[in-house]
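The sequence and structure come before the description.

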Amino acid sequence: MNKKTVSKINLFFSGLLSRMDENKDFFTDITINLKSGTKAFPAKILYDGDVTLDYQAVKRKMNIDGIWSILSDELPKYDEAQIIYSERGARIVIDASDKKVTMRHEDTASEVSKTSVVQTGREYVVNPALAKDLLTEIGILAKNGKIKNDKIRKYNQIDYFVELMQGVLKEIGERDEYVILDAACGKSYLSFVLNFYMREILKKKCHFICVDYSPVVIDASKRMAKNLGYNNMKFIQADLTEYTPAIRPDIVVSLHACDTATDMALGLGIRLKSRAIVSVPCCHKDILKQYSYEPFEAITKHGILKARLADTLTDGIRAAYLEGVGYKVSMIEYISPLETPKNIMIRAVYTGKKNEKSARDYENLKHMLNVNPAIERFLKEI
């Protein structure tokens, strides 16, 4: 290739190197295919804290500027070159010869169309065929590419949760980078799938902080993230009532954190003034053990009815407290009760304006029901 061609390649390639540095958490690699006649000579650039050029069976660590110094010397020896820049959700391809130099962008998310998965009959927001590597790694998909029978309901719940996050993202507005904190994350299934959706489908920069008290699930999540190359995720073993991240999260999420772990998640979001809190509670034992209300004794003497009423009271108390401290709250049935009876989603968006009426309602509910709600207890303990 002549000097003019090499100069044109440099214009495009310098942009790729800048993007690689800016998007290092999402960068995969740069593959270079050099051709001389019928012979092909491959090279690859990796970035894992250090830049590594793998060329002619030699791996060399160098700074970013050093890459072009080598390529500019090598390119004139070849007739054609194809440079493929890959990051999560996107590819950029440069095709070069003395005839022309072109660059095109490819959306890897569009390579698999949205089609229903036969075994469930529903169309997913995060299509299992598109997210095959991710879902296989976290144990949702079997080797045959189908969702495991015992994971169908779990994945339906996660996918519906992700679908409803679209409205929350719009409400809090555009951010240079979204910071998501997954409270009581367990094995972080929700964060892994939401990460895929935000980065590879919505093309948004995002950073995930996943917190759980169990070191076992945190270690498992770290391994899965490393295997997937999800460098924009951090996993922390900590007590939610004591943990404070270095940066204010945009959204605190929690999926089926059991009983008062949901209150810990809500309390953490309130304490950090998170721009939004999205939680699907699970189990409601705390208020169930405490509440009594004489006018309802004819109903609550039946254990199953007392438990069902406790579910409603617990989430209603949580909503009143959130509104009282400055959140706009909506309560929705986010998935069919056939999938799970624990299907109420609490969506709270921070307004900064305390609702005095809701605060009074909360206090009235406490005294009327003779309860000391966990959401307030945890905040007082800090």
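## Cysteines

A disulfide is taken here as a pair of cysteine sulfur atoms within 2.5 Å. The structure holds zero disulfides. Cys-282 takes part in none, and the nearest cysteine sulfur to its own belongs to Cys-283, 3.7 Å away. For Cys-283, the closest cysteine sulfur is that of Cys-258, at 3.1 Å, which is too far for a bond. Cys-282 is buried, with a relative accessible area of 17%; buried means under 20% relative accessible area, exposed over 50%, and partly exposed in between, with a 1.4 Å probe and protein chains only.

## Basis of the model

This is a predicted model, in which local features need pLDDT of at least 70 and side-chain atom pairs count only at pLDDT 80 or more, while totals for chains, interfaces and linings use all residues. Residues are numbered from 1 along each chain as its sequence is written, and side-chain values use heavy atoms, with hydrogens and water left out.

## Helix H7 and its packing on H10

Helices (H or I, at least four residues) and strands (E, at least two) are DSSP runs numbered from the N terminus. Helix H7 spans residues 260–271. Its twelve residues reach 16 Å from first to last C-alpha, close to the expected 16 Å; the expected span is 1.5 Å times one less than the number of residues. Ten of the twelve residues in H7 are buried, among them Thr-260, Ala-261, Gly-267 and Leu-268. After H7 comes Lys-273, with a positive phi near 55°.

H7 packs with helix H10 (residues 303–324) at an angle of about 10°, the axes being 11 Å apart. Axes are lines fitted to C-alpha atoms, for helices over the stretch in contact, and angles run from 0 to 180 degrees between N-to-C directions. The angle makes H7 roughly parallel to H10; under 35 degrees counts as roughly parallel, over 145 as roughly antiparallel, 65 to 115 as roughly perpendicular and the rest as oblique. On the H7 side, Thr-262, Asp-263, Leu-266 and Ile-270 meet Arg-318, Tyr-321 and Leu-322 of H10, contact meaning heavy atoms within 4.5 Å. By class, this contact has four nonpolar, one polar and two charged residues. Ala, Val, Leu, Ile, Met, Phe, Trp, Tyr, Cys and Pro count as nonpolar, Asp, Glu, Lys and Arg as charged, and the others, Gly among them, as polar.

H10 also holds Leu-305, which is partly exposed at a relative accessible area of 37%. From C-alpha to C-alpha, Leu-305 and Val-58 are 71 Å apart in space, and 247 residues separate them in sequence.

Helix H5 (residues 189–201) has 13 residues and a first-to-last C-alpha reach of 17 Å, close to the 18 Å expected. Twelve of the 13 residues in H5 are buried, including the charged residues Arg-199 and Glu-200. Just after H5, Lys-203 takes a positive phi of about 65°.

Ser-188 lies in the loop between strand E8 (178–183) and H5. Its phi is positive, about 65°, although Ser-188 is not a glycine. Ser-188 counts as buried, at 0% relative accessibility.

## Strand E11

His-256 is located in strand E11 (residues 251–258). His-256 is not a glycine, yet its phi is positive, at about 55°.
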